[in-house]
Amino acid sequence: GCNRESERATMTIWKEFTFEAAHFLPHVPKGHKCGKMHGHSYRVRIEVTGEVREDGMVMDFERIKEAWAPLHLVLDHRTLNDILANPTSENLAQLIAATLRLPGLSAVEVSETGTSGVRLVL
């Protein structure tokens, strides 16, 4: 047999989180539905890429959870316009990426509905 455990593969791991928040988009055309206050059940996917360590992991998922926890407190059940002047999913992904302290952070995905979202590749 082939012992693949001795090879140091590079892999991407991910963990998903959710939060609830309201926002409106100040720069959409007059009459656009997103110009009015509304809310979403946001889904955030945090990806970390790295070499598989001797313990068989890229990173413990608990470390990603711990890095997300302070952001969850800031974002959950809030009005995102109080945090970002223009709280688009794109700007939210950039805020999350800039705030997370995770080595190997490789992507942040933000979905505001089941069919709409953004993926920021770092």
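A polar contact is taken here as a pair of N or O atoms within 3.5 Å, one able to donate a hydrogen and the other to accept it. The model is predicted. In it, a polar atom of the Asp-60 side chain lies 2.8 Å from the backbone nitrogen of Glu-62. Asp-60 sits in the loop between β2 and α1. Its relative accessible area is 38%, so Asp-60 is partly exposed. Ile-13 is 47 residues away from Asp-60 along the chain, yet the two C-alpha atoms are separated by 9.4 Å.

Glu-109 belongs to strand β4. This residue counts as buried because its relative accessibility is 17%, and the cut-off for buried is under 20%. The Glu-109 side chain makes a polar contact with the side chain of Arg-43, at 3.3 Å. Beyond neighbours within four places in sequence, Glu-109 touches Arg-43, Val-44 and Arg-45, as well as Val-118 and Arg-119.

Helix α2 spans residues 89-99, and its buried residues are Ser-89, Leu-92, Ala-93, Ile-96 and Ala-97. These residues lie on the same side of α2, because they cover an arc of only 135° around the axis. An α-helix has 3.6 residues a turn, so residues three or four places apart point the same way. Several elements cover the buried residues of α2. Among them are the strands β1 (10-23), β2 (38-51), β4 (105-111) and β5 (117-121). Helix α1 (61-75) is also included in this cover.

Conventions:
Residues are numbered from 1 along each chain as its sequence is written. This is a predicted model: local features need pLDDT of at least 70, side-chain atom pairs count only at pLDDT 80 or more; totals for chains, interfaces and linings use all residues. Side-chain values use heavy atoms; hydrogens and water are left out. Buried means under 20% relative accessible area, exposed over 50%, partly exposed in between (1.4 Å probe, protein chains only). Helices (H or I, at least four residues) and strands (E, at least two) are DSSP runs, numbered from the N terminus. The arc is that of the directions from the helix axis to the C-beta atoms. Contact means heavy atoms within 4.5 Å.
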